[in-house]
Amino acid sequence: MVNQTDNDVLKRSAADHWEANAETWTKHARAGYDIYRDALHTPAFLQMLPNIKGLNGLDVGCGEGANTRSLARAGATMTGIDIAPTFVRHATEYEQKEPHGIRYLTADALHLPFDDAQFDFASAFMSMMDMPQQGDVLKEVFRILKPHGFFQFTILHPCFVPPFRKNIRDENGKAVAVQVADYFANIDGSVETWWFSSLPQAEREQSKPFNIPRFHRTLSEWIGMITAAGFILEASVEPMASEELAAQEDVVADTRITPIAWIVRLRKS
Ligand SMILES: C[S@@+](CC[C@H](N)C(=O)[O-])C[C@H]1O[C@@H](n2cnc3c(N)ncnc32)[C@H](O)[C@@H]1O
């Protein structure tokens with residue numbers, strides 16, 4: 001059990017890690033190395049999304065803003081918040097060069113700087129599993145949503161990407177199975193170190209890997225936190241690459257064995 005002091009330390013440390021990752025993450029994501037996001041997860045997320053034309057939306061953990069811009073292009077008036085000032089600076093600079101009508105703020109998802117019932121919907125792309133106290137974040141998102149508003153978010157799949165995951169490959173290098181472990185490990189802030197898997201070797205030699213604090217929860221814990229916040233679980237998708245996409249982008253081929261992401265849509269009744 002973590003106490004309040006531990007929580008404060010975890011929160012500060014997670015924020016510091018993301019601030020340290022932000023410069024390289026922005027550069028590599030914008031260069032197209034986040035292939036899971038661009039080729040598979042964002043299209044699946046947008047396909048699952050209800051019509052957001054004319055709605056007022058909040059993107060939680062917006063990073064450099066690529067997905068916030070996708071939602072603005074789908075017709076929503078967007079606000080993006082992120083805990084790392086460098087991400088917010090990059091997102092804002094992009095907005096100044098290419099306006100999408102988005103306002104960006106540096107803020108912690110645990111303390112959203114908005115009055116109650118301000119937004120028609122909220123989104124979070126691959127950020128909820130990077131935050132401590134997700135149960136409290138869910139309550140905070142519930143608070144800022146209007147009645148009947150929705151929250152759609154995507155996270156690393158709790159079952160198929162627990163703290164340990166390894167692709168098992170055949171003699172041709174084709175992923176044929178996935179080994180997972182530590183599903184029940186109580187992971188609160190352990191730092192995982194990686195690059196985007198398609199980052200070329202030459203770039204790896206020039207850049208430091210990301211240090212990502214991980215806050216793993218089991219599927220049942222997620223469902224418990226969702227319902228405790230007052231939400232109804234309305235829809236769930238586990239994106240799988242089509243055969244064509246898997247052939248084109250080898251990196252995402254393992255999602256034909258098990259999903260990497262879990263996308264859910266929650267409703268405030
Ligand atoms: C994996 S990145 C995803 C960024 C972006 N949503 C995207 O899809 O490209 C996770 C993001 O969550 C942000 N984050 C982590 N903890 C946060 C918190 N407590 N409040 C707000 N943002 C947070 C990080 O700074 C980072 O930008």
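Angles under 35 degrees count as roughly parallel, over 145 as roughly antiparallel, 65 to 115 as roughly perpendicular and the rest as oblique. In this predicted model, local features need pLDDT of at least 70 and side-chain atom pairs count only at pLDDT 80 or more, while totals for chains, interfaces and linings use all residues. Residues are numbered from 1 along each chain as its sequence is written, and side-chain values use heavy atoms, with hydrogens and water left out.

Helix H2 spans residues 35–48 and helix H3 residues 66–73; helices are DSSP runs of H or I with at least four residues, numbered from the N terminus. The two pack at an angle of about 40 degrees, with their axes 12 Å apart. Such axes are lines fitted to C-alpha atoms over the stretch in contact, and angles run from 0 to 180 degrees between N-to-C directions. H2 and H3 are therefore oblique to each other.

From H2, the residues Arg37, Thr42 and Leu46 meet Ala66, Asn67, Ser70 and Leu71 of H3, contact meaning heavy atoms within 4.5 Å.

## Surroundings of the ligand

There are 20 residues around the ligand, and Arg37, Gly61, Asn67, Asp82 and Ala109 come nearest; a residue counts as near if one of its heavy atoms lies within 4 Å of the molecule.

A polar backbone atom of Gly61 lies 2.7 Å from a nitrogen atom of the ligand. A polar side-chain atom of Asn67 is 2.9 Å from a ligand oxygen atom, and one of Asp108 is 3.0 Å from a ligand nitrogen atom.

## Helices H5 and H7

Helix H5 (residues 134–144) packs against helix H7 (residues 219–228) at an angle of about 35 degrees, and their axes are 9 Å apart. On the H5 side, the contact is made by Gln134, Gly135, Leu138 and Lys139, and on the H7 side by Trp222, Met225, Ile226 and Ala228.

Technical notes: Polar contact = N/O pair within 3.5 Å; in protein donor to acceptor, adjacent residues only side chain to side chain.
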